[in-house]
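Here are my notes for a colleague who is opening this structure for the first time. Please read them with the model on screen.

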Amino acid sequence: MHPAFSVIFFTVASGAGFGLFSLLFIADTFKLGGGFTPAQLVIGGIVALGLIGFGLLSSTFHLANPKNAWRAFSRFRTSWLSREGVFAVVFMPLALVYLACIGFDAPLWLRETFGLLSAVLAWITVFSTGMIYACLKTIRQWNTPLVPANYLALGYASGSLLLLLGAVMAGLDTLPYIAMAALIVSIAAVLKAIYYFWIRSPGLTPTINTATGLTRAKVKLLDTGHTHGTFLTQEFGFQIARKKAGLLKIVVFGLGFVLPGLMLVWVFNERDGQAAAIIAAFAGIAGAAVERWLFFAEARHVVNLYHGAQRC
Amino acid sequence: MNAKIKLENHDAQEIKYTTCYMCACRCGIKVTLEDNKVRFIQGNRNHPTNQGVLCAKGSAGIMKQYSTAKLTQPLMRKPGTERGEGVYEAISWDQALDILTDRLEEIRSTDPSKLGFFTGRDQMQALTGLWAQQFGTPNWSAHGGFCSVNMAAAGLYSIGFSFWEFGAPDWDYAKYFLMWGVAEDHSSNPIKIGLEKLKRRGGKFVTVNPVRTGYSAIADEWLPIKPGMDGLLAMSMVHVLLKHEKFDYEFLVRYTNASWLVVQTPGQKGDGLFLRDENDHPLVWDIDKEAFRNGIDGDIAPALFGEFVAPDGRRVKTVMSLMVERYLDERYAPENVALECGLPAESIERIALEMAHVAFQETVELPIEWTDVWGRKHDKVVGRPVAMYAMRGISAHSNGFHSCRAIHMIQMLLGALDAPGNFRARAPYPKPIPPHQLPENNIDIINAPNTPLSRPPLGFPTRPEDLVIDEFGNPLRIDKAYSWEVPIASHGLMHMVITNATNHDPYALDTLILFMANMAWNSTMNTANIQDMLRAKDPEEPGQYKIPFLVVIDAFHSEMTNFADLILPDTTYLERHDCISLLDRPISEPDAAADAIRYPLVKLDRDVRPWQEVMVELASRLKFPAFTKPDGTRKFKDYPDFIVNFERSPGVGFLAGWRGKDGTKSLKGEPNPNQWDKYIENQSFFAHHWPDNQKYMRYANKDYLEVAADVGFVGKVEPIIMQFYSEPLQKFRLAGQGLYDGPQPNNQVDRERLVKYFDPLPMWYEPLEQQRVDKEEYPFFALTQRPMFMYHSWDSQNVWLRQIMAQNYMYMNSRRAAEMGIQDFDWIWVESHNGKIRCQVKTMEGTQEDTIWTWNAIGKQKGAWGLKENASEATRGFLLNHLISELLPEKAGERRVTNSDPVTGQAAWFDLRVKIWKAAPGETGSWPQFDALKKLPGDNYDRPDVLRYDARSHEKN
Amino acid sequence: MRLGLVIDLDVCVGCHACAIACKEWNASGTIGPLSDYQPYGAEPSGVWFNRIRHYEMDEYPNNKTVNFPMSCMHCEDADCVTVCPTGASYKRPEDGIVLIDQDKCMGCNYCSWACPYGARELDRSSGTMKKCTLCVDRIYDQALPVEERQPSCVLTCPAHARMFGDFDDPDSAVSRTVRERGGFPLMPELNYNPTNTYLPPRRKPVIPVDTQPRGGLKESIKQFANKLVRR
Ligand SMILES: Nc1nc2c(c(=O)[nH]1)N[C@H]1C(S)=C(S)[C@@H](COP(=O)(O)OP(=O)(O)OC[C@H]3O[C@@H](n4cnc5c(=O)[nH]c(N)nc54)[C@H](O)[C@@H]3O)O[C@H]1N2
Ligand SMILES: Nc1nc2c(c(=O)[nH]1)N[C@H]1C(S)=C(S)[C@@H](COP(=O)(O)OP(=O)(O)OC[C@H]3O[C@@H](n4cnc5c(=O)[nH]c(N)nc54)[C@H](O)[C@@H]3O)O[C@H]1N2
Ligand code: SF4
Ligand code: SF4
Ligand code: SF4
Ligand code: SF4
Ligand code: SF4
Ligand SMILES: [Mo]
């Protein structure tokens, strides 16, 4: 699949935003590391909403006819894309109310209720984002529960690293934040490793034979019937060399998991590693971006079978 | 909720019927117009040719109509610029016609042969030929000589009709279909319709072709033959049939010359000619009467086999005996030709026997009463349902004439001709063998100023006396057709015109008119050198070109127009009157004689004129007798008027429908002033459906032949007896042997060629170019095929069609490529004895291992066809033609000889041999490249980056 | 009703007529115009609803070439419709035709991701997704002669390799042909339940050859005898 920049930016940024927001709620509820001040919470919340907002905005750049974007909420019952949109949109006011509760010192039950609701919605939204891809039977590399799991894990990993950065900057006790980040990043790393391992196995996918129904002998493409590219080749024709994908996977692990992990140790040792926390957060997000690029690049749509691929 | 579906606004639309022009198939089309814009072109269900279907080119006609390559006004090469630079100035039609009239008047009143008028895939050769004849120049022909004259000539010298438009398989009854070297053919849609019919009925379809694409893709069996070997394959099949005594004895006796007696006196005059009686009738040995009898008569019982002594003491043998002697020879045994053909011996033998089985065990009998030309009544027609079709895979080789005759030999042996289920004739065929029409060869008439020729420039020689040569044996035609070099060149040699005219060999031309032929590019051999020839100056006449004046009539900005001194812009097919006449290459089907018209459907938006209009105008200005009244004034107001009122013989004109004063007569009748309207009313075509008793065996069908004679298809009612053994060929051979009473060649090369290639029975020899190039050095055969959705060069301007193919590749066999380390999309060099090109490779399974091939005419010169200079047709597409020479490789002590079939002059496009190697890293893009064509005055076309064609006036998305 | 096409791979010669007829009809049809990019330039491309690909089976010399037209399959379980967030893509309950409402589509490409058959192409100029309409603006147009109320590609196909009809009706020509010829869907394992059905290449007809010829094998001219046949 052609990795579209706007979609990568959208999923990474909004994933991190939703992750951050949910974890902020947990940090607030359990007053982790001593607890953020209301002002700090609001700033953190705004950062999270900013990430989400920019992400959503950038996703509309991907639309060829954005003037109809508002219609995207209409197929909530069948379309994960529609659901994602609806959840994201429902999340926004709830999240704002939660932040308002904090800002205006509303009763705790109110604050907790809205916090919980928005955290759950955040989770659901990221899950929906994952499901947008996971529900496609046409792309084996996506059509797996590992995908929403990955989306969630990476979103929360990015969020946890951002939260840690916040905790460091706020001068809180970073230990719980380090523990939380370490846990989530590890889960994300394990899930990603499982995913990478899983897509390497060929699996029972359609082949050029089942695609054409010519099952009795070897089938080869002779001609696509159009000399130059078409919408199909532009959208689905993208291919990445195995070697390059392997290298990028090392980058994903290095940037996304190993480097943040090392930085966590650093922060843990220093008890005041602002620089390390910054590096951890940026590395984590950059790793997620590379992961996302690779997620598209490695996906092979079955339509490629008609353009000569032997299997997808 | 469902969205509203917008339907057509029929009120704003108009429907008209006309004839497609995107290729020579000439299907009927139904055109929907909206606001003078073309909304939809579809097939006309009632039309005999396409029965409602339409090919890609036909449907894409819209984009031809709105092409940015359309010429807009007459253009003159700008004074002071060189030919080929492509710098033009607009002139008015009056100026253009005055210039041309003056020039033609001068030529016609001095030396009419100094005009050459050659036309490409012209669909009105009856008119262009008449025009040339009236002008008085022998130098006219259409594209037949470089196209498929081998097929036409082989058929017309053997069976009275032919592949290449004069016959068609009987798809309704055929049970076995053998297709030789066909990718697309002129009969594009009928073949596709037919193949499906055949397969639906469970018939078997076998294809003989080095490449498996298109029609061959759906064949039940593919014989990947080595190019140029078909004659051998066919003769091997004949071997098998003879060996198993699988031939139609009765058919041979009744309808062929298999029983005619041939004189056997080697080394003496008269050897190899038929034994004839005092009235010149060929004789047979009647086994009943035990006497020599007239072989054309009825009520004879001829011996098919045997050797006899003629009353004058000469030894004679039946044709059949000669055939058995020759083809039963082990030389033709399947196991002995297998290696050369590249096919398993088993397949050759089996296919021959399968055909025999279907012909003789699965006979189709229709309860139709008919009468043979000898008066005998038959209560049924018997069809041997083995059909064949062959085209340029056979014809475009220098041994194609004989290979095609060998195929006809199989058909004759099986008795599978013009009967249910086999290969049937299309009116006005069959004709006498060969047709009774000789080319003008009277030198006095040819040289006479202001005098029409007494006969057409083209025809069918039967003996050396018919050649078009002077008393020293020199050619009288610029293309040397009908000279000793190519004696029965029935369609001329268009591919030699530019070379000969440049070399002033046999003489110089003054003016060359080229109508719809892209002779500076894809329809020429040796393209780059030909372009140089067009630019060549005459050292003896400083400032003058070797070809002094070049007129090009085209509708589009082709590579050829770029060399014109005068460009006359034509209309498109939706803008003009046209007629597709029975006097020409007909659109008849086996069951119906048919013709058709076109008439203007859309309004002209440019200063262009139909060439036929211009021809009538010029003919009137030049006062051609057929176009002038006795008082010297013009006879025909315009082209439509000419078509209605011109009569070739009383009652016979260009259009066969609705003749007679009141339009009630068919095929023959006085001119009808309302004929055009009648055609338009009847969806622009006319079909005369043959009654059942006139549908079959028409070479010997009395009722049919009577009609045919009446309407001028044949001269008189007489049997058309098929010729296994061709006496005309033997006469030329005798001339080569020095045993002929009449003209004989004095050049050794000509003598040898006559002796070697004018075999009266089908023969096989290695294609001429291949006899002269080193096979070790040039290991591959190189071919082209026609893509089904492109017509030669003229469809790259079509923005829909070019999306399907904007670049051609060189295809080769996967395994062979792997052995050479060549992969898909590698750039390679391809070199022949004539030059080299660079192109990109694709590998495939379906190509014979020693063959490489590409799609024809996709490569374009930069700037041509209304395309931008970076069009991939120009930067990555390529033309194979650079490698093909119009002359055979030089041989010491011999003059340069044309690269053509030695019998017919058919251009030998597919004899090419090449070597290939991988281009160096970084060597990409096609080579050679040429200067870009410049934009023409009047080309104000918009070339947007996104085109959104929409014929509707409203409601756009 | 369940309308769709049957494509006969046994007779498709790969002529692209159906692709052009489709382009031609739809350019000025209910979903047109259909953009062409770089129409005169280096790499011409555009929006098409029907494309013909060409494949080869097996290896030389046993290879067979198969021409392969593909357009929207009007799937029964069309994920392209389920995934569409705007409701622009819909399947008509009355006849099963899958269509895209050009007034609703936001051009997100998501449906094209969900389509296994490459049937959907984005028109960059209108910003909307487009695809085969099964010529819905022909087949129901009462102003057309009955025999022309057929998809443009079906009408034009010179090899009659395309059939249009109702797959719900067991007696329709399409249903019968599919039964008789062993029609199959493409990529059935994805469970889209496509309506369009492909007919496989037929088996080669077997023709007996008479191995023991009645006339016997002739080795020389002397073995042939004359028969009495009169003209
Ligand atoms: N779409 C389309 N239709 C056309 C045309 C066009 O340009 N486009 N051109 C028209 C014209 S002018 C003509 S003359 C006809 C020609 O119609 P075709 O005769 O169909 O022309 P080609 O494409 O030259 O096909 C030649 C075929 O012969 C095969 N072949 C080559 N050498 C040999 C050989 O030695 N033996 C055998 N058995 N096969 C061989 C090639 O692989 C190829 O398949 O088509 C007409 N129709
Ligand atoms: N390598 C190779 N070369 C070949 C062949 C091959 O098989 N291989 N085949 C050969 C054969 S068989 C043929 S027939 C030739 C065909 O070659 P050409 O006859 O040269 O065919 P086109 O390229 O179509 O060129 C015809 C010209 O007619 C013009 N034209 C189109 N419509 C009109 C019109 O309405 N009026 C006028 N006045 N002009 C019009 C076009 O613009 C074009 O310039 O090519 C030959 N060349
Ligand atoms: S075969 Fe195609 S291009 Fe040729 S006349 Fe028929 S529809 Fe037109
Ligand atoms: S029109 Fe018919 S034969 Fe031609 S490609 Fe389409 S389906 Fe095949
Ligand atoms: S073929 Fe593709 S676009 Fe058509 S209905 Fe099926 S999934 Fe949808
Ligand atoms: S591109 Fe249009 S039709 Fe396709 S999913 Fe998006 S909104 Fe729906
Ligand atoms: S049914 Fe109509 S829209 Fe669909 S492929 Fe055929 S012509 Fe195109
Ligand atoms: Mo031709």
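How many residues surround ligand 4, and which are the closest?

1. Ligand 4. The shell holds 14 residues. C:Cys12, C:Cys15, C:His16, C:Cys18 and C:Cys157 are the closest. A residue counts as near a molecule if one of its heavy atoms lies within 4 Å of it. By class, the shell has 11 nonpolar residues, two polar and one charged. Here Ala, Val, Leu, Ile, Met, Phe, Trp, Tyr, Cys and Pro count as nonpolar, Asp, Glu, Lys and Arg as charged, and the others, Gly among them, as polar.

2. Ground rules. This is a predicted model, in which local features need pLDDT of at least 70 and side-chain atom pairs pLDDT 80 or more, while totals for chains, interfaces and linings use all residues. Residues are numbered from 1 along each chain as its sequence is written, chains are lettered from A and ligands numbered from 1 in the order in which they are written, and side-chain values use heavy atoms, with hydrogens and water left out.

3. Ligand 6. This ligand is surrounded by 13 residues. C:Cys84, C:Thr86, C:Cys105, C:Cys108 and C:Cys111 are the closest. The shell divides into nine nonpolar and four polar residues, with no charged ones.

4. C:Cys12 is buried, at a relative accessible area of 8%. C:Cys75 is buried too, at 7%. Buried means under 20% relative accessible area, exposed over 50%, and partly exposed in between (1.4 Å probe, protein chains only). Zero disulfides turn up over all chains. The test is a pair of cysteine sulfur atoms within 2.5 Å.

5. Helix H1 of chain C. This helix spans residues 17-27. Helices (H or I, at least four residues) and strands (E, at least two) are DSSP runs, numbered from the N terminus. In H1(C), 11 of the 11 residues are buried, so the helix is largely enclosed by the rest of the structure. Among them are C:Cys18, C:Cys22, C:Lys23, C:Glu24 and C:Trp25.

6. A salt bridge across the sequence. The count is 90 salt bridges over all chains. Each is a side-chain nitrogen of Lys or Arg within 4 Å of a carboxyl oxygen of Asp or Glu. One of them joins B:Arg585 to B:Glu165, with the closest N and O atoms 2.5 Å apart. B:Arg585 sits in the loop between strands E26 (578-580) and E27 (592-598) of chain B, and B:Glu165 in the loop between helix H6 (149-156) and strand E8 (167-169) of chain B, so the pair ties together parts that are 420 residues apart in sequence. Both B:Arg585 and B:Glu165 are buried.

7. Other salt bridges. B:Arg463 meets B:Asp466 at 3.6 Å, N to O. B:Arg463 is partly exposed at 34% relative accessibility, whereas B:Asp466 is buried at 5%. B:Arg896 meets B:Glu890 at 3.5 Å, N to O. B:Arg896 is partly exposed at 33%, and B:Glu890 is exposed at 63%. Salt bridges that share partners also join B:Asp170, B:Asp418, B:Arg424, B:Asp591 and B:Arg698 into one network.

8. The largest pocket. Its volume is about 1,200 Å³. Of its 50 lining residues, B:Lys431, B:Gln437, B:Pro456, B:Leu583 and B:Arg648 are the closest to the centre. Grid points are joined across faces, edges and corners, and a volume is the space filled by probe spheres set on the points. Helix H4 (residues 125-135) of chain B gives the largest share of the lining, six residues. The lining has 27 nonpolar, 17 polar and six charged residues.

9. The largest cavity. About 530 Å³ of space lies here. There are 38 lining residues, and B:Arg121, B:Met516, B:Asn518, B:His792 and B:Trp794 are the closest to the centre. The lining has 18 nonpolar, 13 polar and seven charged residues.

Note on methods. On a 1 Å grid over the protein atoms alone, a cavity is a set of points where a 1.4 Å probe fits but cannot get out, and a pocket is an open set with protein on both sides within 12 Å along at least five of seven lines; lining residues have an atom within 4 Å of a point.
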